[in-house]
Amino acid sequence: MNVQSPVGVWGVEGTERGVTHIYLPNERRRASRGSVPQVVEKAATQLSDYFAGSRRRFSIRLSDAPATRFQRDVWAALLEIPFGQVRTYAQIASALEHPRAARAVGNANHANPRPVVVPCHRVVAASGLGGYGGGGEVKRYLLELEGVIFP
């Protein structure tokens, strides 16, 4: 199911058991067939509300995603970052008791199959914005939507 935003069209994919993937505007989506699961409709509505500035938290059921234990730990840490706040890759690595794993945190962020809902955009480099699978413009937009301004 597609969701419009000021930075492009996002896609939501899943089953009745949960959301499996949120596609960034620059990612290619698979064509969907059949009826849209209620869980996916709910996720699309909540994403639309977020992009409209009227939602700060998500209450969406997520399906398990293939991942390493470290990736799951990083994604869990991302869910703890409050709306409108950021953490550095190094801060996440330290919080996970892997203080030298900042690059691995970045790789786990890049592998995150549900951006925005699992807010990998809230992780920045110590020296600035840092990378983002959707590109710097999309990351900057998401942060600014939450009140975080980067030069």
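**Exercise 1. Where is the place of Glu 97?**

Solution. This is a predicted model: local features need pLDDT of at least 70, side-chain atom pairs count only at pLDDT 80 or more, and totals for chains, interfaces and linings use all residues. Residues are numbered from 1 along each chain as its sequence is written, and side-chain values use heavy atoms, with hydrogens and water left out.

Step 1. Find helix H3 (89-95) and helix H4 (102-111). Helices (H or I, at least four residues) and strands (E, at least two) are DSSP runs, numbered from the N terminus.

Step 2. Glu 97 lies in the loop between H3 and H4.

Step 3. Check the backbone. Glu 97 is not a glycine, yet its phi is positive, about 65°.

**Exercise 2. Decide whether Glu 97 and Val 116 are buried or exposed.**

Solution. Step 1. Buried means under 20% relative accessible area, exposed over 50%, partly exposed in between (1.4 Å probe, protein chains only).

Step 2. Glu 97 has a relative accessible area of 69%, so it is exposed.

Step 3. Val 116 has 1% relative accessibility, so it counts as buried. Val 116 sits in the loop between H4 and strand E5 (123-124). Val 116 also has a positive phi, about 75°, without being a glycine.

**Exercise 3. Describe the largest nonpolar core.**

Solution. Step 1. A nonpolar core is a set of buried Ala, Val, Leu, Ile, Met, Phe, Trp, Tyr and Cys residues joined through side-chain atoms within 4.5 Å.

Step 2. The largest one has 38 residues, and Trp 10 and Leu 142 have the most contacts inside it.

Step 3. Elements giving it two or more residues include strand E2 (8-15) and helix H5 (136-145). H1 gives the largest share, seven residues.
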